[in-house]
Amino acid sequence: MEGGKRGDEAGPSSEKPGELSEKLNEVCHVGEDEEDEDEDHRSNGVAAGFVPGPLISLKEQIEKDEDDDSLRRWKQKLLGCLESDLDGQMEPEVKFHSISIVSNDFGEINTPLPIDENQIGHVLFTLKEGSEYRLKLTFSVLHNIVSGLTYSNTVWKGGLQVDQSKGMLGTFAPNREPYEHTLEEETTPSGVLARGLYTARLKFEDDDKRCYMELKYSFEIKKRS
C-alpha cells in the first residue's frame with residue numbers, strides 16, 4: 001500500500017530509554033503498513049485481544065524526561081515546530097480534506113471534504129467495467145497521536161451488499177503538513193449485471209474504535225466502449 005507523509009525513523013539511545021509512552025514509540029513507523037498475520041489473530045488489521053493503553057495527552061508525553069537530551073532531540077526531530085502548538089487536549093482529531101479517485105481511464109478526480117449537502121446522493125464518480133482504480137485521501141492529524149487508523153469500504157447494489165474491503169493505514173502523529181494516503185487498488189466487475197449505480201460507505205476508525213469519518217457516496221459502472 002502506498003503511504004502518505006511518513007515520519008522519520010528515529011529513537012532515543014538504548015542507554016536512555018526514558019518513560020516515553022508506547023504510543024510515541026509507535027510513531028517511529030508513522031504510516032507504515034502492518035505486517036500480514038493470520039486472519040484469526042486480526043480484525044480490521046488490529047491484533048485480536050489487543051487492549052490499548054490509557055490515553056495521555058501528547059503535550060504531557062513530550063514534557064516527560066525533559067532533562068534527557070537524547071529524548072529531547074528525538075522529539076524535536078519527530079514533531080518539529082509543531083510542539084509549540086500542542087494544547088494538552090487528550091483526544092486526537094483527524095480532519096479529512098479531500099477524497100480522490102485515481103484511474104488510468106481518466107487520471108484523477110478530486111472532491112473536497114466534507115461533501116456539500118447538494119452533492120449527497122449524487123454520483124461521485126463513474127468508472128468503466130474492468131477498470132483498475134484507487135481511492136486517495138488527504139487528511140490532517142491534530143492534538144494527539146492516532147494509533148492504528150483503519151478503514152472499511154462497503155459497497156451495495158440494489159440494496160444488496162456486493163463488496164467490502166478493510167485495511168490498516170497506520171499510526172500518525174500531529175503534523176502541520178497534511179498526510180496523503182492511497183488505499184489498495186480495486187478492479188470494477190465486468191458484464192451486464194455489473195453495470196449500474198452503486199452506493200458505498202467509507203469509514204475510518206482507530207484502535208480505540210473512535211470514528212473519524214463515515215462517508216456515504218455513490219458511483220456508477222458503465223459499459224466499456
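A residue is called buried here when its relative accessible area is under 20%. The model is predicted, and of the 225 residues of the protein, 41% count as buried by that cut-off. The secondary structure comprises 3 helices and 12 strands. Among contacts in the protein with a separation of 6 or more, 74% join residues 24 or more positions apart. The protein exposes about 12,500 Å², of which carbon and sulfur atoms supply 44%.

Phenylalanine 96 belongs to strand β3 (residues 93-103) and phenylalanine 139 to strand β6 (residues 132-142), so the pair, whose members are 43 residues apart, links distant parts of the chain. Both phenylalanine 96 and phenylalanine 139 are buried. These two rings also belong to one aromatic cluster, together with Phe172, Tyr179 and Phe204.

Another ring, that of tyrosine 198, has a charged neighbour: lysine 157 lies over its face, at 5.7 Å from the ring centre.

The loop between β8 (160-172) and β9 (179-182) holds proline 174. Proline 174 counts as buried because its relative accessibility is 3%, and the cut-off for that class is under 20%. In sequence, proline 174 and isoleucine 145 are 29 residues apart, while in space their C-alpha atoms are 6.2 Å apart.

Technical notes. Residues are numbered from 1 along each chain as its sequence is written. This is a predicted model: local features need pLDDT of at least 70, side-chain atom pairs count only at pLDDT 80 or more; totals for chains, interfaces and linings use all residues. Side-chain values use heavy atoms; hydrogens and water are left out. Helices (H or I, at least four residues) and strands (E, at least two) are DSSP runs, numbered from the N terminus. Buried means under 20% relative accessible area, exposed over 50%, partly exposed in between (1.4 Å probe, protein chains only). Rings of Phe, Tyr and Trp (its six-membered ring) pair if their centres lie within 6.5 Å; planes under 30 degrees apart count as stacked, over 60 as edge-to-face and the rest as tilted. A charge sits over a ring if NZ of Lys or CZ of Arg is within 6 Å of the ring centre and within 35 degrees of the ring normal. Contact means heavy atoms within 4.5 Å. Accessible areas come from the Shrake-Rupley method with a 1.4 Å probe; for residues, only the protein chains shown count as cover.
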